[in-house]
Amino acid sequence: DLALEPTERNFWFSAVVKDGEIVSLATAERLLMPTANGHLDLVESTEWKTNEAYTGHGLMSAVLANLNLQIVSDLWKSPNGLPLIYAECNYQSRSDRAGHGVGFTIPSRNLAIPAPQILEQNVLVQDGQEVPEGALRDFTFMYLPLSVINRWYNPDYDN
């Protein structure tokens, strides 16, 4: 909502439009989580989709780069600090490739606290991909590291 102050926004949308139709889009939603020192802005980058006729042209990377820039620009001066921007990427469609292209990374694995890098059989997705009837999808958890936010999406960066 443009009537809100940037640091109060909870939803972002980015799309590529061709001939008046959306051909690639993504959204992001913010959840404000209380912490011992205040709050943490958790922002899930979600609903990534490119029309099948336009896949393989880098449109999702462009959409995600713009979406990340919107989020960081709005929350750059948030009293909560920089947000934790993350995504659950559908392994079947390899959406993690678009995520990697804009700086998302899979967290490094800490052997002292083992955690799976893939959320196995996480959720049912009906997107036309060839999977057995009723099969759940595997998702890769990715996040946008602060080093990438500062280097690629920093609104104060001066060339």
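## Getting started

A residue counts as buried when its relative accessible area is under 20%, as exposed when over 50%, and as partly exposed in between, using a 1.4 Å probe and protein chains only. By that rule Y86, with 18% relative accessibility, is buried.

This is a predicted model, where local features need pLDDT of at least 70, side-chain atom pairs count only at pLDDT 80 or more, and totals for chains, interfaces and linings use all residues. Residues are numbered from 1 along each chain as its sequence is written, and side-chain values use heavy atoms, without hydrogens or water.

## Confidence

The predictor's confidence in each residue is its pLDDT, from 0 to 100. The chain averages 83, and 75% of the residues score at least 70. Strands here are DSSP runs of E with at least two residues, numbered from the N terminus.

## An aromatic pair

Rings of Phe, Tyr and Trp (its six-membered ring) pair if their centres lie within 6.5 Å; planes under 30 degrees apart are stacked, over 60 edge-to-face, and the rest tilted. The structure has three such pairs. In one of them, Y86 and F141 are stacked, 5.7 Å centre to centre with 25° between the planes. This pair joins strand β4 (residues 84-90) to strand β6 (residues 137-143), with the two residues 55 apart. F141 is partly exposed, at 28%.

## A look at S24

S24 lies in strand β2 (residues 21-35) and is buried, at 0% relative accessible area.

Conventions: Helix = DSSP H or I, 4+ residues; strand = E, 2+ residues; numbered from the N terminus.
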